[in-house]
Amino acid sequence: METFRTIFISITIGTALIVAAILFHKHNPNRQQPTAELVRASGKCANCHRRETATVVHQFEKSVHAKRGVNCLDCHRPVENQAAHEHRGFTITLTLTAKNCAQCHPGEYQQYLRSRHAAPAWAAVYGAKDFTAEQIAAAEAYHQGAVDRPANALAALEGQAATINGCLGCHDIGRPNADGSIGNCTDCHSRHNASVALAREPNSCGQCHLGPDHAQFEIYTQSKHGALFHLQRHTMNMGVKSEHLTTADMPLPTCATCHMGGIDGLRATHDTTERLSYFLFAPISQKRPTYMQGRNAMQEVCSKCHASSQVEELYEQAEAMVLETNERVQAGKELMLALRKDGLLTPAPFDETFEFHYFDFWHHYGRTAKHGAYMGGADYVQWHGNYELFKKLIEMREMAEDMRAHKDKKH
């Protein structure tokens, strides 16, 4: 009888311990923190997200991150200056920024910070007000006047809804974040794909670099480069790491090849301004302070496919186009300045028809002519560029004469 009682007690205690262990394991948040094995594609996070937001799980499953053992918490955990949020036993941050990506990609982030994709992009809409003094100083060291500037006058006049849904659809690539970082890498690489191949696709750049004010995507698409790329896209290996990428993988250039890519031993960069020689976006385009470095760096990329004589000829012709465009835009600018000086235009921006004509003149047609010259877009140099410049300049001269004649009649 005593033996039976001992066995019964032992079984009861043992069962209780097992149940307690199960309950402890179930309810202890520390035991629920994910490991790579738990969360990789079919693991802990995917248990819910495969039901609620299935696409992100499928995207992550196919990503390089998943193949290399990166798990959800590696990206979603809070880093310095990010608010922590408890989510079903996990500690995560609700907003990912470039700071999360910089944990593993610090070099790329520092290169990006030197580019116009960073602080200058946001400041082009909202000016300097959202940046710290340190961020302004750092950006101004590379792009003088691009961040320490007032808000965009046209955006202010169009209103907040247009600014948020329009301007910031692209310019938030340089958003200042609450954690002290700038930007979000997913604007180019996508969130759960985290794809290098996607960032190399012309369509990715074309989400923002298109339209009458910067028609790079249209120019590229209709250039010889673009036509050949679309013909042979299916033969190309777009996802190779930059340090291993060769012209055998990508024998035809995309935007990323020329402006950022490492190919056949070239150093890749996330500073999209490194290989540029002129401020083509400006009304009157001047040489950049790093003119020769940028020119040489881009020509080195060109030389992977073209003879040096071809590259030199293109640059000579393109720079000649820049200088001619400058002369035409300068003539239009002098017209506007003279009208302001004589009191025929108010100092306020965008409140008179002539100002819109002048803005379209340089902002649309001047830029298009210059970009077309560098990117092999003959029709954009001519009919979308120089023809419109010539036509607009005559129209503005006639408008100026009418305004002066009207003023004389009033007196």
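Biologist: Why does Leu73 count as buried?

Modeller: Happy to explain, and bear in mind that this is a predicted model, where local features need pLDDT of at least 70, side-chain atom pairs count only at pLDDT 80 or more, and totals for chains, interfaces and linings use all residues. Residues are numbered from 1 along each chain as its sequence is written, and side-chain values use heavy atoms, with hydrogens and water left out. Buried means under 20% relative accessible area, exposed over 50%, and partly exposed in between, with a 1.4 Å probe and protein chains only. Leu73 has 16% relative accessibility, so Leu73 counts as buried. Leu73 sits in helix 7 (residues 72-76).

Biologist: Why is Arg88 called exposed?

Modeller: Its relative accessible area is 54%, so Arg88 is exposed. Arg88 lies in the loop between strand 1 (85-87) and strand 2 (90-92). Its phi is near 55 degrees, a positive value in a residue other than glycine.

Biologist: And why does Asp264 count as partly exposed?

Modeller: Asp264 has 34% relative accessibility, so it falls in the partly exposed class. You will find Asp264 in the loop between helix 19 and helix 20, with a phi near 50 degrees, again a positive value in a residue other than glycine.

Biologist: Which residues of helix 20 are buried, and what puts them on the same side?

Modeller: Tyr291, Gly294, Arg295, Met298, Gln299 and Val301 are buried in helix 20. They cover an arc of only 150 degrees around the axis, so they are on the same side of helix 20. That arc is taken from the directions from the helix axis to the C-beta atoms. The buried residues pack against helix 19 (255-259) and helix 21 (308-341).

Biologist: What makes Arg149 partly exposed, and which residues is it in contact with?

Modeller: Its relative accessible area is 29%, so Arg149 is partly exposed. Arg149 is in the loop between helix 11 (133-140) and helix 12 (153-158). Setting aside neighbours within four places in sequence, Arg149 is in contact with Ala123, Ala124, Gly127 and Ala128. The C-alpha atoms of Arg149 and Ala128 are separated by 5.7 Å, although these two are 21 residues apart along the chain.

Biologist: How many residues of the chain count as buried, as a percentage?

Modeller: Of the 411 residues of the chain, 39% count as buried. As for contacts with a separation of 6 or more, residues 24 or more positions apart account for 55% of them in the chain.

Notes:
Helices (H or I, at least four residues) and strands (E, at least two) are DSSP runs, numbered from the N terminus. Contact means heavy atoms within 4.5 Å.
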